Amino acid sequence: MNKKWLLTLMSTTSVLMLAACASEGEADSATAPESDSESILVYSNSLADGRQEWLDEKATEAGFDMQYVEAGGGEIFNRLLAESSAPQADVTFGMDEAMFFQLNNEDLLVQYEPSWTNEIPAEANIGDQYFHPLVEQRIFMMYNPEFIEGDDIPENWQDLSKNEALQDKYRIPENLTSGTNQKSILSILLQYVDESGDLGIAQEGWDEVEAFLANGYATPESEDQLQNFSDGTVPVTFYFSGGLGNAEEEYDFTGVPVNPDQGVVTMREQIGILNKGDDHDYSKAEEFVDWFGSAEMQAAFVDEFGGQPVNEVAFESASDRITEIAETTTPMDIDWNFVQENLNSWMEKVELELMP
Amino acid sequence: MKATVSIPKKEWNKETTFFSKIPFYLFCLFILWFVVTFLLFPNINVLRDIFWVDGQLSLSAFQRLSSSSRAIQSIINSFLLAFVLVITVNLVGTFIVLVTEYFEVKGSNFLRIGFMSTFVFSGMVLNNGYLYVYGQNGIITKVLTSLFPNLTPGWFTGFPAVLFVMTFACTTNHMLFLRNGVKGLDNNTIEAAKNLGSSQWQVLKDIVFPTLFPIMITLVIMSFQMGLGAMAAPIMVGGKFETISPMILNFTQRPQSRDIAALLSLILGAAQVVLLVVMTRNEKKGNYMSISKTKTRVTKQKIGNPIANTLVHAIAYLLCFIYLLPLVLVILFSFMNLQGISRSVLSLEYFTLENYQQILFNRNSYGPLMTSIGYAGLAAVFAVLFMILIARIVMKNKKKKIAEITEYFFYIPWLLPSLMIALGLILSYGAPSPLLFGNSVIGSLWILPLTYMIMMLPATLRYIKGAYYSFDENLEDASRILGSSSIRTFLKIILPALLPTALALVALNFNNFLADYDLSAFLYHPAYPTIGIAIRSNADSANNLNAAAINLVYSVILMIVGGVMFYLIYGRGSKVGERRKKVVKEKGILEKPKGEN
């Protein structure tokens, strides 16, 4: 009887050990991606909700041996930076221009000219062949026409805080961790670029952001911003093109995107090959980039998961709703290099000083 | 009757030879290596990386922080919450332990289940549950608005809401450790006091609480820390009441703002350590062993005063209702579809099993779950075993400065956010390092469980130390006199006595890291994603509109896993352990007189 507690402890430990050993045992056979030049390790924030399974199936068919690390954009970015002394990933895709510029500044990418480069519009090709655009997302303000009409329809972001009737009726970002939320702030700041201003932005721009944040509605965790938008509680919000179609269907509304004079923030998810030293063999990674970025694959990808391919040959495959958004909005002219230099400081300033 | 008596210890050490101490010296060497490799070097590295910009110390974080009224208000809020929470949590926590273990209260088994629910029901999902009760469309809110039409539906927000949720959410430690303490009380002493005419209140005040003092100290420290580190409740129900932890996490994730994150974290950590030092000083002054040589189990005390009795019953059941209602609603809502969840309406119309099917029939869900169980489990077991040994050395050498310093090294993980500790490990051991015998951590399997373990150390050490204080050192001496080796003594006498606390800690640590996402995203091996990664992958709100529903289902599944583990490790383990402990006690009693001759 006095051995019983030992038995319990032992059995629990051994179960745990087994679980871990099972993991380790299998790992030995699949481990060390760098020693096996055939296997490609992809880091991406664009593998959620079935994308990874889909990609894996297609890639295996095409003869690639794949491994993945998937997490949010910020986490993938931080992980790539932290591992800079011994990069693990072969290829990364899904993050935006600003993040790829920073990766490149840290010398983490290698140049490569994919076979599909000439199918990319010249103005989208800003990475000097260190990184290449795949999918385009537009982040725009939109209103619910059932509840907003006439003079209340905003023409630009700054109109929101000035209209008494819209007090607490438009959504503001509740945090600046997500890319879409950050872009709502960028939409205002980038209208006030001024070299002599604080962090390259004129004081007026900071004031506008402060007013924007002070008069809007931050959605608490307990509420659902799309539900609020749909039922008119908060009939002005911001959203991204790739997700709008599904959201409209699920929540039963039709949003009208607002296209201000300066245009809407347009970001492009990029792909790049990680720098693993001069004597590393990049041929498999290059082959993967050629394959995954091709018009055929990109068309199939957006067909399955939504979004607007940057590749002109695949352009047609975007859904009707996305094409519609692309036609009713114009991309804002953004100097991404300037943005990546300042983005973090801007966000920090907003969080520390301007958020109510 | 004072329960604090110190018995002079005999000097056994002198008789032991140098050779028999070799394992001890080896272990000391191991401690030194561990402290340097995992606690000092990486963290110094990461702080240097953060605060040394272009070859010089950059303290602009101070200035940036001090010009932010939002940050300063958050710091004030965190401290306010910590101080108030220490009082409320300990009041509620002590009350629920006394009604389930000390006083005779009808239906205490049922009550116990209710009060223990926070063990598996915590964090974001717990707050979600509270919102289903008190939020805009919550059940209680509906009742209240029909009674008081002037009440705004969004009344449950701000400091009071955070305090309310956390007061009940943070009593887990009481139900685990204070409960162990109460169960270890000695009935004879209580009976003796009663025979001498003490009232029930006097027994509580002069016998029960003094014996429980070391545990209470730990609980004060821990509830203070939970208040300072509050994360889920301020995000979910805080509204304008913001605290510092969400800000730290946020700033840690942005490389340029890490100095602010580190600074904020150091402020919180320093407060924590100051409290710890003050409390430890106090603790050292006493010896908290119960005076009785023949311990018997506490029989539950009947409350004499009928009014008090009714009142205690009423409050106990009201509390149990507060604890259980959110949990029940979370389970019910996990069967609702998106419409039901986004409107917070429970209705058969919205009933669906699809979300469960989606997860349970997905074979890819099980691998990550097993990985997480393995990682969290191994880390929990090793953290507890390691800290038992450390606590033992610290307690044996209470008077030695070096032991005291060693102890404080293990509280270092309290000073920095977990992500920064992970970052320190990667920065320091990105390339093969002699400290790791030529290994590197990048791309390794064991870095993630190792980081879990490092994060578990401070709280584990603190609780084990608390448990050591209530351990009768005479038993140990007796065993040694009878010729047992120190290892045998440790395994046969000390370990069983510490077992309930140790098992509780294994279960608690396990549960805290089972669904981890932040560390996983940073460190997981590509071949072995953890359940936190899988959950995000299936329930990312940017990609999946149904994310809220999937999240709820995962939460329920994790609660079931946590509950089963809790039952296996703590429930069964400590029951068997208690029987074992009794046997040891009896043996000890028989053996001791011989030793003292």
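Which residues lie on one side of strand 9 of chain A and which on the other, and are they buried or exposed? The points below take up this question and then the remainder of the predicted model.

1. Strand 9 of chain A. A:Val236, A:Phe238 and A:Phe240 lie on one side of the strand, A:Thr237 and A:Tyr239 lie on the other, and all of them are buried. Within strand 9 of chain A, A:Phe238 has A:Met141 standing opposite.

2. Strand 1 of chain A. This strand (residues 39–44) is also mostly covered, with 5 of its 6 residues buried. Here the pairing is in the parallel sense: strand 1 of chain A joins strand 2 (residues 65–70) of chain A over 6 bridges. A:Ser39 stands opposite A:Asp65, a residue of strand 2 of chain A.

3. Overall content of chain A. The chain has 13 helices and 12 strands. Of its 356 residues, 47% are buried. When contacts between residues at least 6 apart in sequence are considered, 74% of those in chain A join residues at least 24 apart.

4. Domains of chain A. The chain is divided into domain 1 (38–137 + 266–328) and domain 2 (138–265 + 332–354). The centres of the two domains, taken over C-alpha atoms, are separated by 27 Å. Contact between them involves 20 residues of domain 1 of chain A and 20 residues of domain 2 of chain A. On the side of domain 1 of chain A that touches domain 2 of chain A, the elements giving two or more residues are helix 3 (73–82), helix 4 (97–105), strand 5, strand 11 (265–274) and helix 12 (320–328) of chain A.

5. The nonpolar core. The largest nonpolar core has 260 residues, and those with the most contacts inside it are A:Val91, B:Val162, B:Met166, B:Ala379, B:Met387, B:Val506 and B:Ala507. Domain 1 and domain 2 of chain A both give residues to this core, so the core lies between them. For B:Val162, contacts beyond its neighbours within four places in sequence are with B:Leu81, B:Ala230, B:Ala233, B:Pro234, B:Val237, B:Gly238 and B:Phe241.

6. Helix 13 of chain A. The end C-alpha atoms of this helix (residues 336–354) span only 23 Å, whereas a straight helix of 19 residues would span 27 Å at 1.5 Å a residue. The helix has a kink of about 50°, centred on A:Asn342. Its buried residues are A:Val339, A:Leu343, A:Trp346, A:Met347, A:Glu348, A:Lys349, A:Glu351 and A:Leu352. The cover over these buried residues includes helix 4 and helix 6 (179–189) of chain A, together with helix 2 (60–66) and helix 3 (69–102) of chain B.

7. Overall content of chain B. This chain has 25 helices and 2 strands. Among its 597 residues, 48% count as buried. Of the contacts in chain B between residues at least 6 apart in sequence, 79% join residues at least 24 apart.

8. Helix 20 of chain B. The helix (residues 447–469) has 23 residues and reaches 33 Å from its first C-alpha to its last, close to the 33 Å expected at 1.5 Å a residue. Helix 20 of chain B is mostly covered, 23 of its 23 residues being buried.

9. Two individual sites in chain B. B:Asp186 is placed in the loop between helix 8 (172–183) and helix 9 (187–195) of chain B. B:Asp186 counts as buried because 21 other C-beta atoms lie within 10 Å, the cut-off being 20 or more. Its C-alpha atom is 9.6 Å from that of B:Thr211, 25 residues apart along the chain. B:Thr280, by contrast, lies in helix 13 (residues 258–284) of chain B. With 16 C-beta neighbours inside 10 Å, B:Thr280 counts as partly exposed. B:Thr280 and B:Pro214 are 9.1 Å apart in space, C-alpha to C-alpha, and 66 residues apart in sequence.

Terms used: Residues are numbered from 1 along each chain as its sequence is written. Chains are lettered from A and ligands numbered from 1 in the order in which they are written. This is a predicted model: local features need pLDDT of at least 70, side-chain atom pairs count only at pLDDT 80 or more; totals for chains, interfaces and linings use all residues. A residue is buried if 20 or more other C-beta atoms lie within 10 Å of its own, exposed if 12 or fewer, and partly exposed in between; C-beta atoms are placed from the backbone. Helices (H or I, at least four residues) and strands (E, at least two) are DSSP runs, numbered from the N terminus. Two strands pair if DSSP finds at least two bridges between them. Two residues are in contact if their C-beta atoms, placed from the backbone, lie within 7 Å. A nonpolar core is a set of buried Ala, Val, Leu, Ile, Met, Phe, Trp, Tyr and Cys residues joined through C-beta atoms within 7 Å. Domain bounds come from an automatic or database domain assignment. The expected span of a helix is 1.5 Å times one less than its number of residues. The bend at a residue is the angle between axes fitted to the seven residues ending there and the seven starting there.
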